[in-house]
Amino acid sequence: MTDLGAVASALRQQAIELPSWAFGNSGTRFKVFARAGVPRTPQEKIADAAQVHRHTGIAPSVALHIPWDTVDDYAALAAHARDLGVRVGAINSNVFQDDDYMLGSVTHPDAKVRRKALDHLLACVDIMDATGSTDLKLWFSDGTNYPGQDDIRARQDRLAEALAAVRDRLGEGQRFLLEYKLFEPAFYTTDVPDWGTAYAHCVKLGDKAQVVVDTGHHAPGTNIEFIVAFLMREGKLGGFDFNSRFYADDDLMVGAADPFQLFRIMHEVVRGGGHLASSGIAFMLDQCHNIEPKIPAQIRSVLNVQEATAKALLVDTAALEAAQLTGDVLGANGVLMDAYNTDVRPFLADLRAEQGLDPDPMAAFARSGYQDRIDAERVGGRQAGWGA
Ligand code: PSV
Ligand code: MN
Ligand code: MN
């Protein structure tokens with residue numbers, strides 16, 4: 001039997017980080033659809049994120065993307081976040097939107113370009129110092145499009161050198177999260193294409209280097225929960241970029257395309273104790289809302305993660321272990337499916353009510369009038385960053 005009090009207490013501690021870029025206009029390479037009320041400044045993005053926390057109670061931090069969220073005074077930005085009841089989370093570096101990076105950033109064949117990219121990463125650590133952020137998220141678009149274009153091994157050497165320099169710059173309590181991605185924008189080789197490459201670099205660099213799993217960055221059919229279980233067992237899972245996908249890096253709302261996959265991932269997280277704050281695993285969203293309203297989409301995404309977590313916490317672990325140890329294949333599978341098929345929404349609604357929140361965060365936001373207010377007040381909202 002599962003202890004529902006323990007489930008509730010674990011859920012009360014849950015924290016999901018929102019991406020600042022989810023609140024801006026975004027789109028595909030074909031069209032960016034502009035929406036009324038989108039933020040014009042990083043301060044307004046944080047204000048929108050604070051609304052998600054206000055109604056869900058479990059989204060207390062906002063990730064920034066530099067230079068999309070450039071401001072003069074980062075300490076003041078962090079204070080602004082605190083005033084709104086949230087805090088600045090991971091700092092996401094961006095070494096993929098400058099002409100100099102056409103052939104790569106930290107793996108570029110030209111040392112001058114590599115230096116420029118590294119300087120940006122180090123500047124992001126300065127921002128962490130100013131905001132109190134503990135996590136630097138590194139994603140490199142680096143790779144090649146054609147066989148022979150560059151030396152695959154030399155590029156790994158350059159990558160290792162840059163990562164070591166970043167690691168050396170990090171202060172006490174700071175770490176970097178290295179994100180891998182199968183392909184895009186490079187189509188032949190990608191310098192950090194998979195968890196194994198990210199893991200190998202991070203193992204060499206020690207405790208300040210961890211892997212981040214973006215759920216949209218794998219080949220179709222990849223067993224992501226296996227990767228999660230493996231990295232957690234090795235103490236190398238730093239966090240998630242949650243989103244869902246049907247084809248490639250679709251950046252759709254987490255839990256929308258495959259809620260069962262999200263449950264399986266959260267089952268491995270819970271199995272390894274990753275849901276406890278002490279695990280240090282960062283649960284971040286990395287999504288773009290191209291056709292849906294952004295604040296409600298973030299609320300929906302947070303609720304999807306919460307529901308999957310609740311189901312994972314409901315797994316009867318004693319019954320599961322007993323079935324596994326006696327080779328009861330159908331029984332073991334049945335235990336997992338019972339948890340997955342439980343409708344946890346009434347339980348979560350009660351939990352919110354106990355915490356003084358509206359049981360229905362989507363409806364509460366719709367009623368709040370916030371969207372009407374920002375639609376009227378904000379003119380000239382910015383793109384999320386892509387194509388900016
Ligand atoms: C790359 O596709 C990525 O997932 C990285 O996390 C970037 O920083 C992010 O997208 C921006 O949306
Ligand atoms: Mn990502
Ligand atoms: Mn991505």
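Predicted model: local features only at pLDDT ≥ 70, side-chain atom pairs only at ≥ 80, totals over all residues.

Modeller: Gly273 comes after helix 8 and has a positive phi, near 75°. Helix 8 itself covers residues 259-271, which makes 13 residues. From its first C-alpha to its last it reaches 18 Å, close to the 18 Å expected at 1.5 Å a residue.

Now look at what is tucked away in there. Leu262, Phe263, Arg264, Ile265, Met266, His267, Glu268, Val269 and Val270 of helix 8 are buried. The buried residues of the helix pack against helix 7 (224-233), helix 9 and helix 11 (329-340).

Asp251 is not a glycine, yet its phi is positive, near 55°.

A cis peptide bond joins Glu184 to Pro185, with omega about 10°. There is another cis bond from Ile66 to Pro67, with omega near 20°, and Pro67 lies in the loop between strand 2 (61-65) and helix 3 (74-83).

Nonpolar side chains tend to be buried together in soluble globular proteins. Here the largest nonpolar core has 99 residues, and Ala49, Val62, Leu178, Val211, Val213 and Val228 have the most contacts inside it. Helix 9 (residues 294-314) supplies the largest share of this core, 10 residues. Setting aside neighbours within four places in sequence, Val62 touches several residues, including Leu18, Ile46, Ala49, Val86 and Val88.

Strand 4 (residues 135-139) is worth a stop too. Five of its five residues are buried, so the strand is largely enclosed by the rest of the structure. Asp135, Lys137 and Trp139 point one way from it, while Leu136 and Leu138 point the other way. Strand 4 runs parallel to strand 3 (residues 87-92), and two bridges join them. Asn92 has Lys137 as its bridge partner.

That brings us to ligand 1. Asn92 and Trp139 are among the residues around it, along with Trp21, Glu179, Lys181, Asp214, Asp241, Asp249 and Asp286. That shell divides into two nonpolar, one polar and six charged residues.

Definitions and conventions: Residues numbered from 1 in each chain as written. Chains lettered and ligands numbered in written order. Near = placed C-beta within 6 Å. Nonpolar A, V, L, I, M, F, W, Y, C, P; charged D, E, K, R; others polar. Core = buried A, V, L, I, M, F, W, Y, C linked by C-beta atoms within 7 Å. Buried ≥ 20, exposed ≤ 12 C-beta atoms within 10 Å, placed from the backbone. Helix = DSSP H or I, 4+ residues; strand = E, 2+ residues; numbered from the N terminus. Contact = placed C-beta atoms within 7 Å. Expected span 1.5 Å × (residues − 1). Pairing = 2+ DSSP bridges.
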